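These are my notebook entries on one structure. I set down what I looked up, entry by entry.

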Amino acid sequence: MTTYAVTGVTGPYGRLAVAALRARGVQPGDIVAIARTPAKAADLADAGVVVREGDYSRPPTLPAALAGVTTLLLVSGSEVGHRVAQHTAVIDAAKAAGVTRIVYTSAPHADATTLALAPEHRATEQVLEDSGIAFTILRNSWYIENYTSQLGQYLSSGVILGAGGDGRIAGATRADFAAAAAAVLTESGHENAVYELGGTPFTFPELAATITEVTGTPVVYRDLSVEDFAAELRSAGLDPDTASFVASLDGSIARGELDTDSGDLQRLIGRPSTPLADAVRLAHSGTSTGSGEA
């Protein structure tokens, strides 16, 4: 019997991955949901999912979290600059616990990109490759929610600011990416595979046009240089390092580094990815009913 573990289950992607496993028929008792703060996953425990404490930054918590696990979805951490050590701690603990396969959420084109997020992901991929454990790497492109979570701001100002030019973003929803992870976790034949995952590409001008069409509120895209975009972010309250980092991501978009036409996502989930307009429509219904933007 396979026991599946998912890390980071109190984040939106991890929670959706648990739901996607359930949708594929995995019984809740065969899922281990690993959380830094298990109390935040009480609803999963109430549904019969096994909830355990596991903190990337506290390696002593990991052996018990991974005990008896067969297949692990290692959701990449959010602490930039610390992730290689954190991920390595999980991989080491998984190996000691007898985990036979690890699925890891990486970054697009992690081995051949200037994307500022990529080096930590590529280093983690190398740790996996060297571990001797069978692995599957999911190089997820951008979540559409990176933008729909800002829908209220776009509608209020009428402007999307960025430095992406006409670069294409192969965005998909978190649910799409989570469905792909569940497919890989529950199917055979994905051992030691690397998948470039992305939805139907869109540009920032197309994002603005879609928001306008769906909501009826005019929104335009204003393209800036990376430097000017960083300055705008600083004026909005971001510290200089964070502003430069965020602006550099748009520079990668302008260079086409967030695009892919691999079709891997669609093949894994067995359907087209969620259209941008549908994702905007869902987010707009949330803002319209006062449920917030995120």
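Predicted model: local features only at pLDDT ≥ 70, side-chain atom pairs only at ≥ 80, totals over all residues.

**Entry 1: strand β5**

I looked up strand β5 (residues 101-106) and found that six of its six residues are buried, so the strand is largely enclosed by the rest of the structure. I recalled that in a regular strand the side chains alternate between the two faces of the sheet. In β5, Arg-101, Val-103 and Thr-105 point one way, Ile-102, Tyr-104 and Ser-106 point the other way, and all are buried. I then looked for a partner: strand β4 (residues 71-74) runs parallel to β5 and is joined to it by four bridges. Within this pairing, Leu-73 has Val-103 as its bridge partner in β5.

**Entry 2: the nonpolar cores**

Which residues of the largest nonpolar core touch the most other members? I found Tyr-13, Leu-72, Leu-73 and Ile-102, out of 56 residues in that core. Helix α8 (residues 174-186) supplies the largest share of this core, seven residues.

**Entry 3: Asn-140**

Is Asn-140 buried or exposed? Its relative accessibility is 6%, so I count Asn-140 as buried. I located Asn-140 in strand β6 (residues 134-140). Beyond the neighbours within four places in sequence, Asn-140 is in contact with residues including Tyr-13, Thr-105, Ser-106, Phe-177 and Leu-197.

**Entry 4: aromatic pairs**

I reminded myself that a pair of aromatic rings is described by the distance of the centres and the angle of the planes. I counted five aromatic pairs in the model. I noted both Tyr-147 and Phe-204 as buried. Ring pairs also link Tyr-147, Phe-202, Phe-204 and Tyr-221 into a cluster.

**Entry 5: helix α11**

I checked the length of helix α11 (residues 240-254): at 1.5 Å a residue, its 15 residues should span 21 Å, and the end C-alpha atoms are 21 Å apart, which agrees. At the start of α11, I found a side-chain oxygen of Asp-239 within 3.1 Å of the backbone nitrogen of Asp-241. Just after α11, Gly-256 has a positive phi of about 80°. The buried residues of α11 are Ala-243, Ala-247, Leu-249, Asp-250, Gly-251, Ser-252 and Ile-253. What covers them? I found that the cover includes α6, β7 (159-162), α9 and α10 (226-235).

**Entry 6: strand β7**

I turned to β7, where Ile-160 and Gly-162 form a covered face and Val-159 and Leu-161 an uncovered one. Strand β9 (residues 220-223) pairs with β7 in the parallel sense over four bridges. I noted Asp-223 in β9 as the bridge partner of Gly-162.

Technical notes
Residues numbered from 1 in each chain as written. Heavy atoms only, no water. Phe/Tyr/Trp six-rings, centres within 6.5 Å; stacked < 30°, edge-to-face > 60°. Buried < 20%, exposed > 50% of the residue type's maximum accessible area, 1.4 Å probe, protein only. Core = buried A, V, L, I, M, F, W, Y, C linked by side-chain atoms within 4.5 Å. Helix = DSSP H or I, 4+ residues; strand = E, 2+ residues; numbered from the N terminus. Expected span 1.5 Å × (residues − 1). Contact = heavy atoms within 4.5 Å. Polar contact = N/O pair within 3.5 Å; in protein donor to acceptor, adjacent residues only side chain to side chain. Pairing = 2+ DSSP bridges.
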